[in-house]
Amino acid sequence: MRVDLAERGYDIDIGPGLLATVGGRVFETIGPSRATVVTDTNVGPLYLDRLLDTLSDTGIDGAAITVPAGEESKSVDGLIAIYDQLAERRHSRDEPIIALGGGVVGDLAGFAAATWLRGVPFVQCPTTLEADIDASVGGKTAINHPAGKNLVGAFHQPRLVLIDTDCLKTLAPRDFAAGLAESVKHAVIRDVPFLEWHEANATKIRSLNPESLTELVRRNCRIKADVVEGDEREERSEAVGRAALNFGHTIGHAIEAQAGYSLRHGEAVSLGMVAALDLSVRCRGLPDADRARVEGLLAALGLPVNSPVPLDVPDLLTRLGTDKKVRAARVRFVVTPRLGAVDWLVDPPLSDLEAAIARVA
Ligand SMILES: NC(=O)c1ccc[n+]([C@@H]2O[C@H](COP(=O)([O-])OP(=O)(O)OC[C@H]3O[C@@H](n4cnc5c(N)ncnc54)[C@H](O)[C@@H]3O)[C@@H](O)[C@H]2O)c1
Ligand SMILES: [Zn+2]
């Protein structure tokens, strides 16, 4: 599959067993004599040897940097540790950095690739569903700052994305289900037939049927790529553009932060989508049956539609920047007036926002 961004366009290869092809594909696309792989302490023991073997089979001298698994690595300190090792190895300008891991490794290695020597080629080998269908496509890279997530980052498109769907077999079931939230999001914002496909294939998806996984990832990457091709840098403020991908995320991020990250990102997004659907019913005339349909699908895929941890609604409203004096939320929400389409909802009545959040709290 091709992501069409003029001179920054790139291929996404999707299917079982593709890790074995990384060396050849990197050689064809970039042709380096050396490469540096960044991975984490969970993924490295599972897949690093296979990746280094395919590089060396193709004559590419590969070395690895392993960071501790977890969001804490997406930090200034984590980044400096990578720069130190790139410096020690004298990683040069035409040599790619290859991310092997989930969204944490992808964002961190991608930001290192965007900034080392003012930018070196970047290759993504995502290993979580979240990274397969969201983080690895679109070119956003970032690290966190104590003041907030993803505050320091850059747009740096990969030269190649290789998604080996077999890697999903070792992923914890909870992490797999969390990734499905982004898939439901993509279907709701753009693609009603894809929503139907999820409904018809929920059992196969949850049992990791190889054909279903390939199709799931392929259709998601196409939707994300289409949105990104239309608005690479989220600059279209009048139309919804790339911001459509934020559906369920404004409230979801507030829930994620309040829950102190005891919820997975995808679980918080599932709750955020239920609240956004409720806002859509209240303020934009989405039929109640459509809201119920998406809630039913989320539950069938193992995602929460009610928070498993208690949520503090007034605190969430504050986090969302509501202003009690004007009795409205000073925030824009992406809502769906009908499934498959999105629109902005600006400053909804506070009572509607409160009710929408109370639905999942
Ligand atoms: N750049 C973007 O556009 C974008 C989009 C969405 C999310 N993100 C970022 O992605 C991050 C979340 O990504 P994530 O959900 O992949 O989390 P993650 O990278 O932390 O991976 C989740 C866990 O699974 C482990 N793991 C990864 N692959 C595995 C495998 N195949 N088998 C067994 N264990 C495996 C990891 O070590 C980790 O413990 C966040 O930091 C988020 O901000 C970025
Ligand atoms: Zn997300």
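**Figure 1. The largest cavity of the predicted model and its lining.** In this predicted model, the largest cavity holds about 50 Å³ of space. Its lining is formed by Asn-246, Phe-247, Gly-248, His-249, Thr-250, Ile-251, Gly-272, Ala-276, Phe-333 and Val-334. Helix 9 (249-258), helix 10 (265-284) and strand 12 (332-335) are the elements that give two or more residues to this lining. Helix 9 supplies the largest share, with three residues. By class, the lining of the largest cavity comprises five nonpolar and five polar residues, with no charged residue. In total, the model has two cavities of 30 Å³ or more.

Figure 2. The volume of the second largest cavity is about 40 Å³. Pro-16, Thr-165, Asp-166, Lys-169, Leu-208, Pro-210 and Leu-213 form its lining. Four of these lining residues are nonpolar, one is polar and two are charged. Because domain 1 (2-170) and domain 2 (173-358) both give residues to the lining, the second largest cavity lies between them.

**Figure 3. The second largest pocket.** About 220 Å³ of space is found in the second largest pocket. Its lining consists of 14 residues, and those that lie nearest the centre of the pocket are Arg-8, His-156, Gln-157, Pro-158 and Arg-159. The lining of the second largest pocket is made up of five nonpolar, four polar and five charged residues.

Figure 4. The closest N and O atoms of Asp-11 and Arg-25 are 3.3 Å apart, and the two residues form a salt bridge. This pair links distant parts of the chain, with Asp-11 in strand 2 (residues 10-15) and Arg-25 in helix 1 (residues 22-29), 14 residues apart. Asp-11 has a relative accessibility of 26% and therefore counts as partly exposed. Arg-25, in contrast, has a relative accessible area of 16% and is therefore buried, the limit for burial being under 20%. A network of salt bridges links Arg-2, Asp-11, Asp-13, Arg-25 and Glu-28. The model contains 25 salt bridges in total.

**Figure 5. The salt bridge between Arg-222 and Asp-226 in helix 8.** The side chains of Arg-222 and Asp-226 meet in a salt bridge, with an N to O distance of 3.1 Å. Both residues belong to helix 8 (residues 210-230), where Arg-222 and Asp-226 are four residues apart, about one turn of the helix. Arg-222 has a relative accessible area of 28% and is therefore partly exposed. Asp-226 has a relative accessible area of 29% and is likewise partly exposed.

**Figure 6. The salt bridge between Arg-282 and Asp-278 in helix 10.** A salt bridge joins Arg-282 to Asp-278, the closest N and O atoms being 2.7 Å apart. Both partners lie in helix 10, four residues apart, which is about one turn of the helix. Arg-282 counts as partly exposed, since its relative accessibility is 43%. Asp-278, by contrast, counts as buried, since its relative accessibility is 2%. Side chains of opposite charge can pair when their charged atoms come close.

Figure 7. Glu-295 is part of helix 11 (residues 288-300). With a relative accessibility of 15%, Glu-295 counts as buried, because the limit for burial is under 20%. When its neighbours within four places in sequence are left aside, Glu-295 is in contact with Val-274, Val-305 and Arg-359.

Figure 8. Ala-112 lies in helix 4 (residues 103-115). Its relative accessible area is 0%, so Ala-112 is buried. Residues up to four places away in sequence not being counted, Ala-112 touches Leu-79, Ile-82, Tyr-83 and Ile-97. One of these contacts, Leu-79, is 33 residues from Ala-112 in sequence, while the C-alpha to C-alpha distance between the two is 6.7 Å.

Definitions and conventions. Residues numbered from 1 in each chain as written. Chains lettered and ligands numbered in written order. Predicted model: local features only at pLDDT ≥ 70, side-chain atom pairs only at ≥ 80, totals over all residues. Heavy atoms only, no water. 1 Å grid on protein atoms, 1.4 Å probe; cavity = no way out; pocket = protein on both sides within 12 Å on 5 of 7 lines; lining within 4 Å. Points joined across faces, edges and corners; volume = space filled by probe spheres on them. Nonpolar A, V, L, I, M, F, W, Y, C, P; charged D, E, K, R; others polar. Domains from an automatic or database assignment. Buried < 20%, exposed > 50% of the residue type's maximum accessible area, 1.4 Å probe, protein only. Contact = heavy atoms within 4.5 Å. Salt bridge = Lys/Arg side-chain N within 4 Å of Asp/Glu carboxyl O.
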